[in-house]
Amino acid sequence: MPDDVLILGIESSCDETAASVVKNGREVLSNIIYSQIDLHTVYGGVVPEIASRKHIEKINPVIEQALSDADVSLKDIDAIAVTYGPGLVGALLVGVAEAKAISFAAGIPLVGVHHIEGHICANYIEHADLKPPFMSLVVSGGHTHLVNVKDYGEYEILGRTRDDAAGEAFDKVARAIGLGYPGGPKIDKLVREEKGDPEAVTFPRAHVGDSEYDFSFSGLKSAVLNYINSEKMQGREIIVKDVAASFQKAVTDVLVEHGMKAVLDRGEKKIALAGGVASNSALRAAYDEACKREGITLYYPSPVYCTDNAAMIAVAGYYEYIKGNLAGYDLNAVPNLKLGER
Ligand code: KG4
Ligand code: ZN
């Protein structure tokens, strides 16, 4: 093993084409993200074929930029880490094929990374003190998972959403109240800047009967839609900032309640938030308060490392690489890859 280990990370599972070079699993030397959000906004969500086509166009320039920003060349890279699932199959295939081609042509070892493992590992970038074991709440556009991180690369899923992901609920509600895509940051900003009242409307806090850690957000989304329709039918004006604040509170209450229950039940001392929704200011504030009250240390990444990026993939790839978990040239995209499977 060389003194310094440099990993080139590649991420293309959804609508971000990203590449990054990370040193020794913690130090980000470059982090290039080409976001396709503007292309998909007009459709109100990600269009898979458009995403794949754009990844093909952007992936080489994004990787070249990541290498040049880090001031390294391929011969300095110890391993290439690529997201191979879960995600959109056509989008994943672009990154996987690219990583395999570079690996083959330049003779660099290949590592396949689970996208959610990447989100969790984003926390290592800015928190040198963070080491497993800890609890992690992964909340993104596609996933809502409560994960017990037992060791590097060792995960136990305690809870997951039964229907919509937390970010998906944000996106759908934002669309219904006319804020557009992607909804999470728009709801967050509106509530913060216009001081929406979280107590204005009482929306349900869904609990899933047979599991204390699972989530369900589709009922909440329907409750918001029903509220809007019934107010409209009765000729009442909808105060968007208050509906947004009340919805946001209903989501964050459940995310905090289940996360805190898990960390306390397991006797852990640390919890790390991850994924796009982890940059939500109300969620962070609510966790901050609950963790201070219970003596738990709270971690979350900067917003740029919460949403999809390749630095988190390189970090996760580093921990797999040093364990010797390399991929072969049969590595394929696995759209519904489960955490903990290889
Ligand atoms: O992690 P991510 O980039 O992609 C997935 O792996 O899904 O997460 C994107 C999701 C979107 O649903 C977006 O609305 C949500 O994260 N999001 C937020 C915020 N920033 C992004 N949700 C709530 N508040 C935010 N500030
Ligand atoms: Zn993601």
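**Reading the model**

Author: We may begin with a detail of the backbone. This is a predicted model, and Pro133 is placed in its loop between α4 (115-126) and β6 (134-139).

Reader: Which residue is joined to Pro133 by a cis peptide bond, and what is omega there?

Author: Most residues other than glycine have a negative phi, and most peptide bonds are trans. Here Pro132 and Pro133 are joined by a cis peptide bond, with omega about 5 degrees. The bond from Gly85 to Pro86 is also cis, its omega being near -15 degrees. Pro86 is in the loop between β4 (79-85) and α3 (89-106). As for phi, Asn24 has a positive value near 50 degrees, although the residue is not glycine. Asn24 belongs to the loop between β2 and β3.

Reader: In what sense do β1 and β2 pair, and over how many bridges?

Author: Strands β1 (residues 6-11) and β2 (residues 16-23) pair in the antiparallel sense, over six bridges. Within this pairing, Gly9 has Ser20 in β2 as its bridge partner.

Reader: How is the packing of α5 and α8 described?

Author: Two packed helices are described by the angle between their axes and the distance between the axes. For α5 (residues 166-176) and α8 (residues 240-265), the angle is about 175 degrees and the axes are 11 Å apart. An angle over 145 degrees counts as roughly antiparallel, and α5 and α8 are therefore roughly antiparallel to each other. Ala166, Ala169, Phe170 and Val173 in α5 meet Phe247, Gln248, Val251 and Leu255 in α8. By class, this contact has seven nonpolar residues, one polar and no charged.

Reader: Which residues come nearest to ligand 1?

Author: Of the 19 residues around ligand 1, the nearest are Gly141, Asp171, Gly184, Asp188 and Asn280. A polar side-chain atom of Asn280 is 2.9 Å from a nitrogen atom of the ligand. An oxygen atom of ligand 1 lies 3.1 Å from a polar backbone atom of Gly142.

Conventions:
Residues are numbered from 1 along each chain as its sequence is written. Chains are lettered from A and ligands numbered from 1 in the order in which they are written. This is a predicted model: local features need pLDDT of at least 70, side-chain atom pairs count only at pLDDT 80 or more; totals for chains, interfaces and linings use all residues. Side-chain values use heavy atoms; hydrogens and water are left out. Two strands pair if DSSP finds at least two bridges between them. Helices (H or I, at least four residues) and strands (E, at least two) are DSSP runs, numbered from the N terminus. Axes are lines fitted to C-alpha atoms, for helices over the stretch in contact, and angles run from 0 to 180 degrees between N-to-C directions. Angles under 35 degrees count as roughly parallel, over 145 as roughly antiparallel, 65 to 115 as roughly perpendicular and the rest as oblique. Contact means heavy atoms within 4.5 Å. Ala, Val, Leu, Ile, Met, Phe, Trp, Tyr, Cys and Pro count as nonpolar, Asp, Glu, Lys and Arg as charged, and the others, Gly among them, as polar. A residue is near a molecule or strand if one of its heavy atoms lies within 4 Å of it. A polar contact is a pair of N or O atoms within 3.5 Å; within protein, one must be able to donate a hydrogen and the other to accept it, and residues adjacent in sequence count only if both atoms are side-chain atoms.
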